[in-house]
Amino acid sequence: MKWNRVSSVLVATTLLGTIAAGCSTSNDAASSSVDKAASPAASNGPKEKFIFWDKGEYTQAYNDLMKQRVEEFGKANNIDTEYVVISQNDLKTKLLASIEAKNPPDLIVANDPVAKQFVASDQLVDTSDIITKINFTDGAKKFSVVADKYFMVPQSFQMGGAYLRKDLWEKHKLPVPKTWQELYEQAKIVNDPKNGIYAVGLPLGQSGGGDAEGFVRDVILAYGGAIVDKDNNITVNSKETLEAITFLAKFWQEGLTPPSSVTWDDNGNNNAYLAGTVGFVINSGSIYDQAKKDKPDLEKNTLLIPKLAGPKGDFILGSGNVFAIFKNAKGTKWAKKFVTEFYDKDFYNKFVEVMGGKFQPVLKGSEEMAFWKDPNNKAAGWMKMINDVVGSSNYPGPEDDLGSKAKSMQLATRAVQRIVVEKMDPQKSLNQLEQELKQLYGKK
């Protein structure tokens, strides 16, 4: 099955032509009273300034296009602009330092759990007015809300499915797995470490990224467990969670995933799959883009499949990039204007398309783009997942700063890691996870 997507270079060229027009385009997504509130700066006197900190993305085209967008916005509004790219692992630290110095940026793009941690300290502008003016999908709203209020604006989904080496599975005449249990049983057949092939590449490193924690939480939910309930009561210490983490540990205990994966950061599974040393990983579209470019034989032997289910089903959690505006910055009006205009439909749809499946759109109607409807587009199956999002990373609990901190601290990952690395009894490790969560949440 070949990927019939328009090449990133051609689409990027088209997009750059659209960007200049996009900053002044007025359509149902971009036109609003925000435009009136932030009119172009006067030509006499010192120019106002708009400062935007963005996280570095695996796909370089993203930061190149965002930089161009910011520059065109500055020209259209006669203001100075500063676009700064920061590693996602360093973004939170730098933001805390800027807040302490009373000099935060006007606008950031961050993973939603990072941005949510600045709500409790009253650092972010209420963005409900932007949310109500733009036709966002329900799933996008679910990962952008905190305690029923909007202090973020969803920029893009970063849904991840699974990558499967179909040549390895076909060699053993195995069907595509649909559940975690099926994957485990098949992995024991596919696994061939003596010849440099591990059946799966599952991350378990505490890197500061979100791959490992998101994957562990997915499995816990699929087995019927939950970190907290809808009222923020700690419910993690259950037979369902115990079953999930005990099951997960077997992939390492039985040598089905590389031993080094206990320390992988968020690039670990990317690199292993592209190197051809593992047969199954969970990731966004970034791996496929790289394989198509540098590993055409691997691309031909890759299947993109939905996330796997457990005994209690498959709960689709939505997460992604969000805009957040800092209330104590000097250019918040420009930040609100920039964010509102960002959703010009012509610009936005081409922006998502350039990302080649790594991002999924947050606007209603974007699924009608030819890019997503193309039956040969291997990311199309993932697109369906955004319609089934039940919540964000803390589901079924509320989306708040405590849930975001628990995820960023990777407490669930550490629970599995203790079983694998320290050979701790699973129930003892689960008890420790419960105590860590109670301490974080201030519960007895």
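The legends below describe several close-up views of one predicted model.

Residues are numbered from 1 along each chain as its sequence is written.

**View 1. The chain and its secondary structure.** The chain holds 21 helices and 12 strands, which are DSSP runs numbered from the N terminus (helices H or I, at least four residues; strands E, at least two). Of its 444 residues, 57% are buried, that is, under 20% relative accessible area with a 1.4 Å probe and protein chains only.

**View 2. The open sheet E8-E7-E9.** In this order 3 strands form an open sheet with antiparallel pairing, where two strands pair if DSSP finds at least two bridges between them. Strand E8 (280-283) and strand E9 (302-305) each have a single partner strand and stand at the edges, so one side of each is left without a neighbour in the sheet. From one strand to the next, the twist averages 25°.

**View 3. The pairing of E7 with E9.** Strand E7 (residues 161-165) runs antiparallel to E9 and is joined to it by 4 bridges, and alanine 162 stands opposite isoleucine 305 in E9.

**View 4. The largest nonpolar core.** A nonpolar core is a set of buried Ala, Val, Leu, Ile, Met, Phe, Trp, Tyr and Cys residues joined through side-chain atoms within 4.5 Å. The largest has 80 residues, and Phe50, Phe52, Phe323 and Tyr343 have the most contacts inside it. Helix H15 (residues 332-342) gives the largest share of this core, 5 residues.

Conventions: Predicted model: local features only at pLDDT ≥ 70, side-chain atom pairs only at ≥ 80, totals over all residues. Heavy atoms only, no water. Buried < 20%, exposed > 50% of the residue type's maximum accessible area, 1.4 Å probe, protein only. Axes fitted to C-alpha atoms, helices over the stretch in contact; angles between N-to-C directions.
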